[in-house]
Amino acid sequence: MALSIGTSAPDFTLKSKSSGEIKDVTLSANYGKKNTVLLFFPLAFTGVCTAEFCDITAGLGQFSSLNAEVIGISVDSPFAQEAWAKQERITITLVSDLNKAITKAYDVVFPNLAGIGDTAARAAFVVDKNGVIQYAEQTATPKDLPDFEAVKAALAKLG
């Protein structure tokens, strides 16, 4: 069960790789500046995840206009995430939770996906400028997408 609304969001610093460079991405770097949408997803290079992140990339301006940064989190390595992003033209920041610590901290582990092991479940969180969760959703199955209209409505309330 995903963390609930009103809970302090577990902070993290995770690795991201783009343009050949590995960098740290820290959630709390947005505190006091902008809201953050965290999108947990099972695995890069899979059909539903690709559709989700291509659609979000195409509509990224909608999130920017709501003063929000979108960060995708999976258990893939930063190298796989970079290759996937290049192949699919995904421009969202993707971060690697290879050891599953943040996936566990947000309580969104999907056990034994397709018999290959634990991954992140598909989930969405809106974290406000103060680091408090204002929206939380874990989908029923990895094939289901989050309610992005509800995510945008939560962001709109935050101003």
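Mentor: Contact here means heavy atoms within 4.5 Å. Keep in mind that this is a predicted model.

Trainee: Which residues does Asn-35 touch, leaving out those up to four places away in sequence?

Mentor: Asn-35 touches Leu-66, Asn-67, Ala-68, Glu-69, Val-127, Asp-128, Lys-129, Leu-155, Leu-158 and Gly-159. Asn-35 itself sits in strand S3.

Trainee: Why is Asn-35 called buried?

Mentor: Buried means under 20% relative accessible area. Asn-35 has 1% relative accessibility, so Asn-35 counts as buried.

Trainee: What makes the pair of Asn-35 and Lys-129 a polar contact?

Mentor: A polar atom of the Asn-35 side chain lies 3.1 Å from the backbone nitrogen of Lys-129.

Trainee: Now Glu-21. Why is Glu-21 called exposed?

Mentor: Exposed means over 50%. Glu-21 has 51% relative accessibility, so Glu-21 counts as exposed. Glu-21 lies in strand S2, residues 21–26.

Trainee: How far is Glu-21 from Ala-156?

Mentor: They are 135 residues apart in sequence. In space, C-alpha to C-alpha, the distance is 33 Å.

Trainee: On to helix H5. Which of its residues are buried?

Mentor: Phe-148, Val-151, Lys-152, Ala-154 and Leu-155 are buried in H5.

Trainee: How do you know that they are on the same side of H5?

Mentor: They cover an arc of only 155° around the axis, and therefore lie on the same side. The face turned away from that buried side carries the exposed residues Glu-149 and Lys-157.

Trainee: What covers the buried residues of H5?

Mentor: The cover includes S3, H1, helix H2 (60–64), S4, S8 and strand S9 (133–138).

Trainee: What is found at the start of H5, and what follows H5?

Mentor: At the start, a side-chain oxygen of Asp-147 reaches to within 3.2 Å of the backbone nitrogen of Glu-149. After H5 comes Gly-159, with a positive phi near 70°.

Trainee: How many residues are in the largest nonpolar core?

Mentor: The count is 22. Those with the most contacts inside this core are Val-37, Leu-39, Phe-53, Phe-63, Trp-84 and Val-151. H5 (148–158) is one of the elements supplying at least two residues. Its share, four residues, is the largest.

Trainee: What does Phe-63 touch, not counting residues up to four places away in sequence?

Mentor: Its partners include Val-37, Val-151 and Leu-155. A second, separate core has 20 residues, among them Ile-73 and Tyr-106.

Trainee: Why might nonpolar side chains be buried together?

Mentor: In soluble globular proteins, they tend to be.

Key: Residues are numbered from 1 along each chain as its sequence is written. This is a predicted model: local features need pLDDT of at least 70, side-chain atom pairs count only at pLDDT 80 or more; totals for chains, interfaces and linings use all residues. Side-chain values use heavy atoms; hydrogens and water are left out. A nonpolar core is a set of buried Ala, Val, Leu, Ile, Met, Phe, Trp, Tyr and Cys residues joined through side-chain atoms within 4.5 Å. Buried means under 20% relative accessible area, exposed over 50%, partly exposed in between (1.4 Å probe, protein chains only). The arc is that of the directions from the helix axis to the C-beta atoms. A polar contact is a pair of N or O atoms within 3.5 Å; within protein, one must be able to donate a hydrogen and the other to accept it, and residues adjacent in sequence count only if both atoms are side-chain atoms.
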